[in-house]
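Dear colleague,

I am passing on the structure we spoke about, and my notes on it follow below. Please read them with the coordinates open beside you.

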Amino acid sequence: MSAAPTEVAVRRPGARRMGFFTDTTVCIGCKACEVACKQWNDLPADGSVFRRRSSYDHTGALSASTWRHVRFVEQLEPAPLPDLPAYGGGDLDLVAAAERFGGVPQMDRWLFMSDVCKHCTNAGCLDACPTGALIRTEFETVIVQPDVCNGCGYCVPSCPFGVIDRDPYDGRAAKCTLCYDRLQDGLEPACAKSCPTDSIQFGPYDELVEVAKGRVLALHERGVTDAYLYGAGDEPGEQLAGELGAFFLLTAPPERFGLPAQAESPAQENGPLATAAGLAAAALGLAAAVASFARAHRAARSGGPLRAPASRAPLGAHPRAVRSRAPLRALRGRR
Amino acid sequence: MSHPSGPPPEDVIRSEHRPDDRRGRDTTPAVGRRGAPALWRRAVEGSPVALARRAWQDARWSYLYKDDTAYRARDGAADANAKVQAAARRMRGATEVPEGVEPAGPFINAPVWTWEVPAYFFLGGVATGSSFVALAADLAGDERSAAIARKVTMAAIGPGAPLLVLDLGRPARFLNMMRIFKPRSAMNAGAWCLAAFSTAGAGAVAADLLGRPRLAKVLGAKTALLGTYLGSYTGVLLASTAVPIWARSRLFLPPIFVCTAVATGAAANRLVLAATGVPPGHPTRNALGTIETAAMGAELALSSLNEQRLGQLADVLDHGRAGRLFRFAKWAVRAGLLLRLTRRRLGPWQHHVASLLYLSGGLAFRFAWIEAGRASAADHDAVARTARGKATADDRRTTARAKTSARRSPRDRRLPHLYADAIRRLSLAVESAVRRG
Amino acid sequence: MASSRPRIFEGLRELPVVGRALDWGLGASAASRETERAGSRIAGLKVTESVCPYCAVGCGQLVYTRDGELVDIEGNPRSPINQGTLCPKGAASRQLIQQPGRLTKVRYRRPYGTDWEELDLEQAMDMIAERMIAAREEHWEERDEQGWKVDRTLGFAHLGGATLDNEENYLLKKLYTAMGAIQIENQARI
Amino acid sequence: MWIQGSSLVEAHPVGSRWALKARERGAKIIHVDPHYSRTSAISDLYVPIRAGSDIAFLGGLIRHIIETESYFREYVVNYTNAATIVNADYRGPEELEGVFSGFDPESGTYDRSSWMYEGGEVAAAAGQREHSTQAFSDRTGAGMMVGNVRSDPTLQDPRCIFQIMKRHYARYTPEMVERVCGVSKEQFLEVAETLIANSGRERTTMLSYAVGWTQHSCGVQMIRAGTIVQLLLGNIGRPGGGIMAMRGHASIQGSSDIPTLYEILPGYLPMPRGRDGDLTLHDYVEGGGSKRGWWSHFDNYAVSLLKAWFGDAATPENDFGFGWLPKITGNHSHYPTMLRALDGKLDGLLVMGQNPAVGGINSGLQRRALASLKWLVVRDLADLETAHFWKDSPEVRSGELRPEDVGTEVFLMPAASHVEKAGHFTNTQRLLQWRDKALDPPGDARSELHFVHHVAKRVMAHYADSEDPKDWPLRNLHWPYAEHGPEREPDAEEVLREINGYDLETGALVDGFAQLKADGTTSSGCWIYSGCFADGVNQTRRRDPGDLDAPGGYVSPEWGWAWPANRRILYNRASADPSGKPWSERKRYVWWDSEQERWTGYDVPDFPVGKRPDYVAPDDAEGMDAISGDDPFIMMADGRAWLYSPSGLLDGPLPTHYEPYESPVPNELYPKMGANPVAITWAHAANPITAPDDERFPHVASTFRLTEHHTAGPMSRNLPWLAELQPEMFFEIDPQLAAERGIEDGGWMTVTSARGEIEGRASVTSRVRPLKMGDRVVHQICMPWHWGTFASSAQGVTGDAANDLIAISGDPNVSIQESKAFRCDVRAGRRNRESTERQAGTQHAAGDHPPEEPRKLGQTDQADFRGER
C-alpha cells in the first residue's frame with residue numbers, strides 16, 4: 001500500500017513512488033554506499049573508534065551524519081562446540097568458548113547489510129514533526145527540510161527504526177533523503193549508484209517489489225529457505241509501518257541486524273488511545289476538583305463538620321482573615 | 001539542548017586551512033558539513049546533468065542481474081505472494097525472539113531532550129492543576145482563591161515556553177512550532193494548546209486586575225478546559241514514541257501525568273493560599289488537601305498497576321538514575337500521604353510539609369519518566385521483545401480490521417501554505433538576526 | 001503473525017471531521033519554497049571522463065566541475081567495467097583531491113634541518129637537476145670492478161610509477177636511461 | 001571460479017561485481033586463503049590453508065587430475081608441451097631429494113642445460129646466470145632451438161613431459177596435502193572435483209591470483225603450478241577461463257609494460273647486460289630474440305625503440321646508439337638499492353607516488369636507508385612517512401634518529417592528482433584507458449610529466465656542448481615535446497604518439513607493431529603499445545561500450561584499447577579446437593571462418609588471421625612461419641603452452657613444494673631441503689632471518705588488504721571518509737591462541753618478529769582458524785598493512801606498519817620478497833618500546849658480504865643470523 005495522498009506535500013504530475021530494495025545476499029560489505037552518501041550529501045566523518053566485537057563495523061549506527069550504515073554479522077557453525085546456540089556470531093564469547101571446549105567454531109556465514117532510512121508508509125518521524133520540516137515528497141519518500149527544522153528532537157524517539165537523529169553540533173535533525181535532489185534530475189541516489197554488486201537497487205516501488213519477490217522464490221529454490229522480505233509484500237494486517245519504501249531481503253531474524261520484528265508509526269499506533277485516556281483522566285480530575293470544592297463549601301455553609309467559627313459573613317470579613325490581610329495587601333502593593 | 005563544547009572537528013580543519021594565494025583554485029578541504037544535505041540547487045536552472053540518461057535510465061542500464069542470470073524467478077507462480085508472506089512470517093512472525101539470537105542493537109535512538117523538558121512538564125502540570133482549582137473555586141463561590149489560583153497558573157506556565165525554546169536545537173526557530181496546525185503531532189498540538197492556554201490565562205489574570213470578575217471567570221473556565229489537554233498531552237507525547245517503556249504505557253502515562261498535574265497544582269495553591277491568609281480549616285484549604293491527596297493516591301495506584309502489567313519492561317524503572325528518582329518520588333509521596341492521614345500533631349505545618357513532599361515528588365516523577373525512557377531505548381532486549389510482543393498487552397482486544405485509508409483527493413490549501421512560508425521566513429530572519437547579534 | 005496495523009487510527013481516519021483533522025498540516029502547506037525548487041547541484045555542469053586512481057580494475061569516473069572547481073566525482077555508467085559503480089575508495093576520490101593537508105607548495109628540508117621550509121618551484125627544479133647531474137658525474141662507471149663495459153651511474157635511484165601515467169613512466173625511463181641511471185624501480189616489485 | 005592467493009572482494013570490490021554476476025549465473029566460487037575475508041563470504045566454498053603451502057595444494061590438484069584421467073586430453077596433447085620429450089639427463093627433486101639436476105650448492109644456482117627439450121638448446125643470452133629477473137623474452141623460450149624436438153602424442157614415453165609430471169607429483173596425495181597445508185582431505189577433494197566438473201569443452205574455470213602468490217620465495221612457481229592446472233583442464237585462451245592476475249595499483253600493469261623497472265626496457269625488451277668486451281646490438285638481438293615465434297621480430301622492436309629515443313642521431317652506422325645504453329650486471333632492484341643506500345653508497349633517491357617507509361618490506365630498514373641518503377625527492381599529494389621520516393618516525397621517537405643528525409636533504413613536491421592531468425592508465429586486464437584533464441592542479445602542484453620534462457631540459461642544457469662520449473645519449477636525446485599553457489605543461493598525447501610509433505619516412509603514425517622495421521625507418525617507444533594511436537586516433541580514448549547484451553558484447557572492443565593489438569583475451573586461438581571450430585558453441589570466442597579463409601570472432605584473433613588451422617610448419621621454418629596452424633601460443637618458440645618450462649625460470653622447470661624460508665614446520669616432502677634452495681636473501685644485520693630451529697617465533701603470520709584502505713595508506717588513511725571505516729591497525733587471531741595468551745577481543749596486542757614488534761587491536765575471530773596438519777596444530781595471525789605512524793590530516797588515522805616485521809628476501813626469478821608468510825609471536829598488551837628499536841644501529845654492522853650482493857638460502861649459514869644472536 002502507499003501513503004495517503006493527503007500526506008503528499010510536493011505534487012508533480014506523473015511522479016511515482018520510488019524506493020530501495022537492499023538485497024543482503026549479494027552485499028559484499030564494501031561500504032561504498034556509506035562513502036558515496038557522505039560524498040554526495042557532503043557529510044562529515046563522525047569520529048574514528050575501534051569497536052570491539054563489531055567485526056568490520058566501526059561506524060556503529062545510522063546517525064545525523066551517517067545516512068547509510070553497513071552492519072556486519074559473523075555467524076558461526078554450531079560445530080565443534082557442544083552447546084552453541086543455533087545462531088552463533090556476536091552472541092558468543094569465542095575466547096571463553098575456546099577455553100571451555102578447546103574448540104573454535106567455523107565461520108558459517110558473514111552477513112553484511114546496508115541499513116538506511118526506511119521511508120515508511122506510516123512514518124513515525126513524519127507524524128511526530130511539529131514544524132512540518134518532515135514532509136512526504138512526490139516520490140512518497142520522507143525528507144527533512146533543513147530550512148524548517150528547529151531541532152525539537154521529537155522525531156528522534158518517534159522512529160521505530162532508530163534512523164533519524166539530531167546532530168549534537170548543528171542542532172537539526174537529519175537523515176537519508178533518498179537523494180531527493182538527484183531524483184529531481186533523474187539521477188539514482190548516490191548509494192544505489194555506487195553499489196558495486198547492485199545489492200542496493202533503486203527504482204519504481206512496485207517494480208522493485210516484483211523483483212524482490214522473484215528473488216525470494218529463486219533463493220528458496222536454491223535451498224536458501226531463510227530468505228525473506230523485510231518491509232514489503234506482506235498482507236495488510238502484517239505490514240511493517242504500512243510497508244517500507246526502502247525494504248530488505250534478509251536471511252536471518254531481523255534482530256540480528258538491529259531491526260524490530262514489527263514496527264508501526266508510534267503516533268498512529270498509540271496517539272489516539274493515549275489522547276483519549278488523557279482527556280478522560282483530565283476531565284475526571286477537573287470534575288473531581290470541582291466536586292470536592294463544592295462539597296467542602298457546601299459543608300462550610302451548612303455549618304457542617306468543616307464549619308468556620310464566625311457566622312455567614314463573607315470570607316473577606318473573616319476576623320482571622322482580616323489579621324492576615326497584610327500579606328494580601330503587600331501582594332497588591334508589589335503590583 | 002546541550003551542545004558539545006567547541007566547534008565540530010571538520011570546522012576546525014577548515015579553519016586551520018591556509019588558502020593558496022598563487023592560484024585561484026579553491027583548496028578548502030572537503031570534510032563535510034553537518035545536519036543537512038549539501039546544496040539542493042541546480043548549478044544552471046533548467047539544464048540537465050551531462051552524461052546522465054534522463055528518468056533514472058542509468059539505474060536501469062547498469063542493472064546487473066538481467067535476464068541472463070538466475071537472480072530471480074520470473075514465472076510468477078500463483079502462490080508466489082503467499083510463499084513470500086509465509087517466509088516473512090516464519091522469520092519475524094513469532095511473538096518471541098528466536099532462541100539464541102542476541103538482539104544486536106542499537107534498535108532505536110534514545111530521546112535527546114535535556115532537563116528543560118521534564119521541568120516544563122512539571123510546571124505545565126502545576127499550571128493545569130491551578131487552572132482546575134481556579135475553576136473549581138469559582139464554581140464554589142470562593143472568588144478570591146480563584147483569582148489567586150489564576151495568578152498561580154500564570155506564574156507556573158510563564159517559564160514553560162522559554163524552557164521549551166531552550167531545549168530546541170535551533171532555538172531561534174521556535175516560531176516554526178506554530179508554522180502549521182497538525183493534530184497528528186502531540187508536540188504541535190501541545191504548542192498550540194500552550195499558546196491558547198497562556199493567552200486565556202493571561203487574559204483572566206488581566207481581567208482580575210482590571211476588576212472584571214465575570215470576564216475573568218469565563219476566561220478562567222476556558223483556561224481550565226484547555227488545561228484538560230495541556231495536562232494530559234505531555235503523557236500522550238511520550239506514549240506516541242517508539243520507546244518501549246513509554247509506548248507500552250500508552251493507556252496509563254497520560255492519566256498518571258494528569259494525576260501529578262492535579263496534585264501538584266492543588267498542593268501549590270494550598271501553600272500559596274495559606275501564605276495569603278486563608279485560614280486552616282477553611283473549606284478551600286480542606287478541598288485542596290483532599291484533592292492533592294486523592295490525586296497523589298491515584299498516581300501511586302496507577303503507577304504500580306502499570307508497573308505490574310509492564311512486567312520485564314519495567315526493569316528500567318527500578319535501576320539507574322530513573323530508579324533512584326522513582327524511589328525518591330514514591331517515598332516523598334508516601335510520606336506525604338502518611339502525614340495527611342495521621343492525626344495532626346505538628347500543627348498546620350504537618351500539612352504544608354505534605355504539600356511540599358507532593359510537589360517534590362511530582363517533580364521527581366517527571367524527571368524519572370524521561371530518564372526511564374532513555375534507559376528503555378538503550379535496552380536492546382526490551383525493544384526487540386516489545387516489537388515481537390505487539391500481539392500481547394492491550395492490543396489483544398482490538399479486532400482485526402485491515403482497511404486502507406480512504407483516498408480523498410486533497411484540495412491544495414493556498415492560505416495555510418502562505419502562512420507556513422511566512423512563519424518559516426520569519427524564523428530564518430530571527431535566526432540570522434540572532435547569529436549576527 | 002501478530003497484527004501491528006494501527007486500526008484505531010485507520011478507523012478514525014474514516015470519520016468525516018476528525019479523519020480530515022488527522023491529516024491537517026501534512027499536505028502542501030508543509031512544503032517550503034526551497035524544497036519545491038530542489039535539484040541536483042551538478043545539473044548544467046561541465047563533465048570530464050576519467051579513471052579511478054586506486055586499484056587496477058580501472059573504473060570509469062565522471063568529474064563534474066564548475067569554473068575550474070571540483071564539485072563531484074562519481075562512477076561513469078557507460079564504462080563496461082564498473083557501469084557507474086565505485087568502491088568506497090573510488091567514491092571518496094573527491095576528498096582525495098580536496099584532502100586536508102593537500103600540498104600546494106614545495107616543502108624543503110635542508111640537511112640537519114629540524115623543520116620544513118618553503119621553496120620556489122623553479123628553484124627546487126634547478127637544485128634537483130644539479131643534484132642528479134652531480135650524482136651522475138661522481139658515480140659514473142664506464143667499466144665495473146670486473147672490467148665489463150657498463151656505461152652507467154649507481155649514484156641515484158628512482159622508486160614509484162605504479163600510480164603514474166604510462167606517458168610519465170615512459171619519459172622517466174627515457175631520461176634516466178639516457179643519464180645512465182639503472183636503479184629504476186616501482187611497486188610492481190612488491 | 002577459483003580464487004587463491006587473492007582477495008578479490010577486499011582488494012577489487014568492483015571487480016567482484018562480475019564475480020557476483022557469475023554466481024547468479026550458476027558459477028561456483030572457491031576461495032582458498034589463510035584467513036576468511038569478505039571474498040570468502042561470497043564464496044560457495046572456502047578452504048583455509050597454511051600461508052605459503054600453495055604449491056603442495058596445487059601439486060595435489062595436478063596429481064588428482066592426472067590420476068583420475070580427468071584432464072582435457074585433446075587440449076593437453078595439441079596445445080601444450082605435454083608430449084614433448086625432455087633431455088635424457090634431466091633429474092627431478094624426487095630423485096635428488098628436493099633439487100633439480102644442475103644444482104650448484106656453491107653458488108646456490110642451477111645450470112639449466114639438462115632441463116632442455118631433447119634436441120633443443122638455449123643460446124645463452126648475456127648474463128643469464130645472474131640473480132635478477134629474467135627477461136620476458138627469455139621466459140618465452142627466446143633463443144631456443146626447438147626445430148627438431150621429439151614428441152610422443154600418446155603421452156606414454158617415460159621421458160615425455162606428461163610422464164615426468166606424473167612422477168614429479170606422485171607423492172602429492174590428499175593425505176600429504178592435509179599434512180602440509182592443513183587442508184582436510186574432504187575439502188581438498190571437493191575443490192578438485194568442483195574444478196574438474198567445471199572444466200572441459202562446455203565449461204571453463206577462471207583462476208584469479210594476486211600478491212598472495214607473488215609475495216613468496218617461490219612465487220613464480222606457485223603461479224606456474226596454477227597455470228599447469230588450468231592447462232590440464234583446458235582453461236587458457238578461452239572465455240570464462242584464464243588466469244587473472246589481480247593487480248593492485250591503477251597502472252601497475254602499465255609500469256611494467258613501460259617499465260620503471262631496472263631489468264627491462266619498454267615492451268619487455270631485456271635491459272642490456274654488461275659482459276666482457278663490447279655488447280653490440282647484434283649480440284643483444286641474438287641473445288634476446290628468437291628464430292621462431294613472435295620474438296623473431298625482436299630486432300624491429302629494439303631498433304624502433306632506439307629511434308624513438310635518439311631520433312635522427314640513431315643510425316645503422318652507430319648501431320642506433322645501442323652501445324651507449326647503460327648495462328646491468330646484477331640485481332639492481334628495490335631492495336639491494338636500499339641496502340646500498342643503508343651503507344651510504346647511494347646519493348639520491350626520487351620517490352613518486354610510493355611510500356617505502358611504510359610499504360617497503362622491513363620498513364625500519366627502509367627508513368634508516370632514507371636517513372643515509374644525501375638527497376631525497378618525494379612527489380605526492382600530501383606529506384607522508386617517506387618524506388617525514390626525519391621528523392617523526394619510530395626511529396625518531398626512540399631517539400635513534402635525531403633530526404639534527406640526519407643529513408638527508410628532502411624535497412617534498414606537490415603532485416597533480418588523476419583529474420588534474422591527462423594521460424592513461426593500464427588496468428589489470430591490459431586495458432589502456434585515457435583520462436581527460438578536468439581541472440588545473442592547485443598552487444605549485446604539477447604532473448610528473450611536467451617534472452620530468454623540465455628536469456630533462458635542464459639536464460640536457462647542462463650537457464649541450466659536452467665533448468665527453470659518455471654524454472652522447474643526453475646530447476642526442478630526442479626530446480621534441482611542445483609546452484602548453486602558463487605552466488608550460490607538455491602534451492601527454494604527443495608522448496603517446498611517440499609510444500605508438502611513426503613511420504619516419506612518411507611521418508605517419510604506425511597502425512601496429514607489425515609495421516615496425518629494423519632498418520631505422522620506424523620508431524616506437526613501446527612495441528606492445530604500438531597501435532594505440534592507429535589511424536591517428538587516440539584509441540585509448542575510445543568510449544563506446546557497445547551493446548553488452550549482444551552475443552560477445554561483453555568484450556566491448558570499442559572501449560579503450562588493450563595491448564597487444566586491442567586483444568582482450570591472449571592466445572584466444574585456443575578457444576577453438578585444432579580444426580578451428582569452437583570447442584563449444586556456448587563458449588565460442590574466436591574461430592576459423594572457412595568461407596572467408598580467415599580467423600574471426602568477438603575479439604581480435606591472437607593469431608595470423610590468414611593462417612589455416614591445418615598449416616604445418618616445416619622444420620627449417622623461421623619467424624611466424626615456424627608456428628603451425630594449431631599452435632595457439634605464438635609468443636612461445638614452439639607455439640605450445642608450457643606445462644614444463646625448459647628455460648626462463650631459475651628455480652626449476654616444474655613447480656615443487658618448498659617451505660617459506662621462515663616456516664615453523666619442516667618440509668614434509670623434502671626434509672633435507674626446507675625452503676627454495678635458490679631463493680634470495682640479503683645477509684645484513686639489519687635484516688635478520690629466523691633460523692628453522694629458532695623457537696621464539698612459533699606462529700605463521702600473513703598480511704592482507706582491506707577494502708577501506710589502499711596499500712601503504714597515504715591515499716586512504718588521511719581521508720576522513722575512509723579513515724573512520726577502519727580507524728586502527730588490528731590483528732586477526734584465532735580464539736584458541738587468544739585464550740592461551742590472554743588476549744581479549746578489542747584489546748591491545750603485540751606481534752613480534754626477528755625484525756621488530758608492532759602493536760594493534762586484537763580481533764579475536766573464527767575468520768582465522770588453528771590449522772590441523774597431521775598431529776601438529778599451527779596458529780596463523782593475519783594483519784592488514786595499511787597503517788603508518790604519520791597522518792597529514794587531523795582526521796587521518798595512524799598505526800604501526802606491518803612491514804616493520806618482515807624481512808627482505810626474494811623470489812629467484814623476480815626478486816619479490818616473501819611477505820605473505822613469516823614467523824612471529826604474539827602477546828597481550830601494548831609494545832613497551834618503539835617498533836624497530838631492537839634493530840637500532842644495525843645498519844652500521846653489515847654482514848660479511850657486500851649487502852647489495854644477494855645470497856642464496858641454499859648456502860645460508862650462521863652469518864645470516866648474526867643480527868639476532
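In chain A of this model, which is a predicted one, there is an open sheet of 4 strands, arranged in the order β8-β1-β10-β9 and with mixed pairing. Its edge strands are β8, covering residues 200–204, and β9, covering residues 228–230, each of which pairs on one side only. Between neighbouring strands of this sheet the turn is 25° on average, with direction ignored.

A helix also belongs to this picture: α7 of chain A, made of residues 205–221, packs on the sheet and touches β1 (18–23) as well as β8, β9 and β10. The direction of α7 makes about 135° with that of β8.

Strand β9 is joined by 3 bridges to β10 (residues 246–250) of chain A, and the two run antiparallel. Within that pairing, A:Leu229 has A:Leu249 in β10 as its bridge partner. As a general point, the strands of a sheet pair through backbone hydrogen bonds, in either a parallel or an antiparallel manner.

Turning to the chain as a whole, chain A contains 10 helices and 10 strands, and 72% of its 335 residues count as buried. Among the contacts in chain A with a separation of 6 or more, 65% come from residues 24 or more positions apart. The accessible surface of chain A amounts to about 9,600 Å², and carbon and sulfur atoms account for 57% of that area.

Technical notes: Residues are numbered from 1 along each chain as its sequence is written. Chains are lettered from A and ligands numbered from 1 in the order in which they are written. This is a predicted model: local features need pLDDT of at least 70, side-chain atom pairs count only at pLDDT 80 or more; totals for chains, interfaces and linings use all residues. Side-chain values use heavy atoms; hydrogens and water are left out. Two strands pair if DSSP finds at least two bridges between them. Axes are lines fitted to C-alpha atoms, for helices over the stretch in contact, and angles run from 0 to 180 degrees between N-to-C directions. Contact means heavy atoms within 4.5 Å. Buried means under 20% relative accessible area, exposed over 50%, partly exposed in between (1.4 Å probe, protein chains only). Accessible areas come from the Shrake-Rupley method with a 1.4 Å probe; for residues, only the protein chains shown count as cover.
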